[in-house]
Amino acid sequence: MRAEPGMIEAEDVAKSFTVRKRSGRLRRTRTTLDAVDGVSFTVRRGEFVGYLGPNGAGKSTTIKMLTGILTPSSGSLRVCGLDPARRRTELARRIGVVFGQRTTLWWDLPLRDSLTLIRRLYRVDAAAHRTRLAELTALLELEPFLDTPVRQLSLGQRMRGDLAAALLHGPELLVLDEPTIGLDVVSKATVRGFLERLNTERGTTILLTTHDLGDIERLCRRVMIIDHGRLAFDGGLDRLRATVGADRMLVVELARPGPPVVLDGIEVLRTEGPRQWLRLPNAVNAAAVVSALAERHEVRDISLREADIEEVLAGLYRGDHAYWCSGRPVAP
Ligand SMILES: Nc1ncnc2c1ncn2[C@@H]1O[C@H](COP(=O)(O)OP(=O)(O)O)[C@@H](O)[C@H]1O
Ligand SMILES: [Mg+2]
């Protein structure tokens, strides 16, 4: 056995659903939908990893497998060294889970009572619970609404309550599925600041699913991007920016379609009719490239774009990653 196994170890994990589709007026056919289509990754103790992807990419399905709610169709999965689906109860004592679109709190009870019930569920002893509750109350600023029924809380307050509920038993790993969805700016900032401290001061490992780039930029040193059930990127945010975000792109429209232009140090990313997309590394002078192009080709139009991270992701989501990531290893 290795000394320090990963907090999460996923090897070729897949989940498919059987869905019925209407085909014709009366007929229904069964088809298989590969929600997660073979993902492999390791999350180590203390990491803060962002799990990104467009709607329907397979993020929540992954989270549900990690927490034992769904059983993978194939592949192997270990969380805290346990098989999540088989050891769900045991796992629940060691991890915290928050689904942004759902609450684990009791709707009709004051937040305080919900948190007390959770203590009983997890069988946390009363003294430890008091200490943690006091700490979480301070960090998440729960005091003003501890005695308010959950149904009357704002979304931001409820999310803070849910975070407290997920952390009362002191889990080693916190898994969050879209925790900032729908939150106002102030609540977002509170939640982000809290997660940051939890990770840096407590060493809690965090896997954060989001499509909010602000969350990622503020918090995550590593991002995994899932698209159509497959990992499209796994690495540092710096690398994502450096490899695809920091380069500029020159979009050139020539007089007529032709083969990719040949220029020193310039990669043609795509051609579409007379249009060509050229990657300009930062070291390359754009003016020099433009004049070299004009010397050799009849140029109709030219535009220079800075690719920011949002665009990079949009490109990845559209499936442009075939060229954005071409030739680059997907592993960290
Ligand atoms: N229980 C289910 N039955 C059938 N299809 C499902 C089920 N859960 C999710 N899916 C489908 O699997 C794909 C991935 O869904 P999901 O993991 O929720 O994506 P994400 O969280 O990234 O938006 C989607 O196409 C979704 O419609
Ligand atoms: Mg989801």
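Select glycine 56 and ligand 1: a backbone N or O atom of glycine 56 sits 2.7 Å from an oxygen atom of the ligand. This is a predicted model, where local features need pLDDT of at least 70, side-chain atom pairs count only at pLDDT 80 or more, and totals for chains, interfaces and linings use all residues. Residues are numbered from 1 along each chain as its sequence is written, ligands are numbered from 1 in the order in which they are written, and side-chain values use heavy atoms, without hydrogens and water.

Next, pick alanine 57. One of its polar backbone atoms is 3.1 Å from an oxygen atom of ligand 1. Move to serine 60, where a backbone N or O atom lies 2.8 Å from a ligand 1 oxygen. The protein buries 62% of the 560 Å² that ligand 1 exposes when taken alone (Shrake-Rupley method, 1.4 Å probe).

Now show the shell around ligand 1, counting residues with a heavy atom within 4 Å. Among its members are Phe17, Val19, Leu33, Ala35 and Lys59. Helix 1 gives the most, with 3 residues (helices are DSSP runs of H or I, at least four residues; strands are E, at least two).

Last stop: threonine 210, in strand 7 (residues 205-210). Threonine 210 is buried, at 0% relative accessible area (buried means under 20%, 1.4 Å probe, protein chains only). Its side chain makes a polar contact with the side chain of aspartate 215, at 2.9 Å (a pair of N or O atoms within 3.5 Å, one able to donate a hydrogen and the other to accept it; residues adjacent in sequence count only if both atoms are side-chain atoms).

How values were computed: Buried means under 20% relative accessible area, exposed over 50%, partly exposed in between (1.4 Å probe, protein chains only).
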